[in-house]
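Hi,

Here is the structure I promised to pass on. Have a look at it first, and my notes follow below.

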Amino acid sequence: MGKLTYHLSASLDGYIADRDGNFDFSQPDEEVHAFVNDLQRDVGTYLFGRNMYEVMKVWETWDTAAEPAVVQDFARIWHGADKVVYSSTLAAASTARTRIERTFDPAAVRELKAGTEGGIGIGGPILASAALQAGLVDECSLFVCPFVVGGGRKYLPDGLNLRLELLEEHAFGSGTVYLRYRVLP
C-alpha cells in the first residue's frame with residue numbers, strides 16, 4: 001500500500017505564503033534541496049490543488065541545464081511522477097503525466113493508495129486538509145524556515161484536530177528544521 005505524505009515548507013509561525021502570496025522565505029539552499037529530493041525520489045504520484053499545481057508546473061518547462069545539480073535532480077523527479085490536479089476551474093493540464101479531477105474523492109485516493117507501493121505526495125493546504133479530514137494522510141512532513149511572516153496561507157487550517165507522533169527531525173546549517181510526523185488514528 002502506498003503512503004500518502006503531506007509535505008511543505010512553512011515559516012516559524014506556520015505560513016506557507018505570506019499575506020501577499022510570497023513564499024520566497026521558503027526557497028531551499030542546496031543542502032535542504034538535496035534532502036527534499038531524497039524524500040521525493042519514491043513519489044510516483046503527486047496530488048495537487050490548483051494553486052499548488054500552478055506553482056509547481058514551472059518544473060515542466062524550466063531548462064535546468066545551467067542550474068545546480070540539485071535543481072536538475074528535482075526536475076527529473078518531477079518529470080518522472082504522475083500528477084493529479086483537483087480543480088473545478090482549470091480547463092486542461094499543461095504538463096505531461098497529469099490529469100484533472102473536478103472534485104476530491106476520498107474513495108478514489110484510497111484506491112490509489114491500495115494500488116501502489118510507491119509514495120504519494122499531496123501538496124497544497126486546502127487539498128491536504130480535505131485528505132487529513134478524510135483520514136487519508138499517513139505522514140506530515142514540514143520544513144520550518146527561520147522566518148516569521150505574520151500572516152498569510154497556513155500550513156494547516158484552523159479547526160483541524162490531529163494526533164501526531166514525531167518520527168524524524170533534522171536541523172540544517174541554514175536554520176531550517178525538518179520535522180516528520182505519523183498521523184495517529
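How many bridges join β9 to strand β10, and do the two run parallel or antiparallel? There are eight bridges, and the strands run antiparallel, with β10 covering residues 177-184. One of the pairs is glutamate 168 with its bridge partner in β10, arginine 180. Please keep in mind that this is a predicted model.

Stepping back to the whole sheet, it is open and has eight strands with mixed pairing, in the order β5-β4-β3-β6-β1-β7-β10-β9. The edges are formed by β5 (98-101) and β9 (163-171), each of which pairs on one side only. From one strand to the next, the twist averages 20°.

Now for the helices on the sheet. Helix α1 (residues 30-40) lies across β1 (3-11), β3 (43-49), β7 (139-145), β9 and β10, and runs at about 170° to β7. Helix α6 (residues 125-133) also packs on the sheet, where it touches β1, β3, β4 (82-86), β6 (119-123), β7 and β10. The direction of α6 makes about 140° with that of β1.

Helix α4 is worth a look too. Its twelve residues, 69-80, reach 17 Å from the first C-alpha to the last, close to the 16 Å expected at 1.5 Å a residue. Buried residues in α4 are Val70, Val71, Asp73, Phe74, Ala75, Ile77 and Trp78. The cover over these buried residues includes α1, β3, α2 (50-56), α3 (58-61) and β4.

Best wishes

Terms used: Residues numbered from 1 in each chain as written. Predicted model: local features only at pLDDT ≥ 70, side-chain atom pairs only at ≥ 80, totals over all residues. Heavy atoms only, no water. Pairing = 2+ DSSP bridges. Helix = DSSP H or I, 4+ residues; strand = E, 2+ residues; numbered from the N terminus. Axes fitted to C-alpha atoms, helices over the stretch in contact; angles between N-to-C directions. Contact = heavy atoms within 4.5 Å. Expected span 1.5 Å × (residues − 1). Buried < 20%, exposed > 50% of the residue type's maximum accessible area, 1.4 Å probe, protein only.
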